[in-house]
Amino acid sequence: YEDTEGKRTIGHGFNIDDPTVAKMIPKDVLRGKRPLELEESNAIFTKLYIRAYKDAENAVGEGWGKLPPQIKNVVVDMTYNMGGTKIKKFEEMIKALNEADFDKAGAEMVDSKWYGQVGDRSGKLYDMMMKPNNKVPR
C-alpha cells in the first residue's frame, strides 16, 4: 500500500523505498513474486524497532532515563514512523520532555506536519502523552 506520503509500504509500516529497509526484505517480495510472511515481517520489525528505540533515546538525550515508560513508547513510535533524523527536529517537544512538561510536549506534537499525516495514530499517541499518570518526580 502507499502511505500518506505516497511511499510504498508493507508489513509493519516498512517503507520499501528506504534503501536500508529494502535490504532487509527478501528480493522476491520486493519484486512482487510473493507476499511478506509474518515471521519475516516480525524479524524486520524487531530490527527497526531497536533502531527506533536507540534513535529516540539519542534524540531525547540525558532526560530519557527519567521518562515514564508510556512517554518513551510515544517517542519510540514517532521515531519508528519518522526516523531518527526527523525526530530530532522536534526540538521544542524534546526540550519539554527533558523538563517533564508533557502538556507542552503534547502541544508540540499537535503543532506539527507529522500530526496530520499519520491519521488516528497521532491522536492516540497524543492521548498517551497527556495521561495524568505521566508525572516524573523532580
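This tour visits the salt bridges of a predicted model. Side chains of opposite charge can pair when their charged atoms come close. Across the whole structure, a search finds five salt bridges.

**First stop.** Select Asp-17 and Arg-8. Their side chains meet in a salt bridge, with N and O 2.9 Å apart. Asp-17 is partly exposed, at 40% relative accessibility. Arg-8 is also partly exposed, with a value of 42%.

**Second stop.** Select Asp-77 and Arg-121. The closest N and O atoms of this salt bridge are 2.8 Å apart. Asp-77 belongs to helix 4 (residues 69-82), whereas Arg-121 belongs to helix 9 (residues 120-130), so the pair ties together parts that are 44 residues apart in sequence.

**Third stop.** Select Lys-104 and Glu-108. Here a salt bridge brings the closest N and O atoms to 2.7 Å from one another. How many residues apart are Lys-104 and Glu-108 in helix 7? They are four residues apart in this helix (residues 102-110), and therefore about one helical turn separates them. Is Glu-108 buried or exposed? With a relative accessible area of 18%, Glu-108 is buried, because the cut-off for buried is under 20%.

**Final stop.** Select Asp-28, Arg-34 and Glu-40 together. These three residues are linked in a network of salt bridges.

Methods: Residues numbered from 1 in each chain as written. Predicted model: local features only at pLDDT ≥ 70, side-chain atom pairs only at ≥ 80, totals over all residues. Heavy atoms only, no water. Salt bridge = Lys/Arg side-chain N within 4 Å of Asp/Glu carboxyl O. Buried < 20%, exposed > 50% of the residue type's maximum accessible area, 1.4 Å probe, protein only. Helix = DSSP H or I, 4+ residues; strand = E, 2+ residues; numbered from the N terminus.
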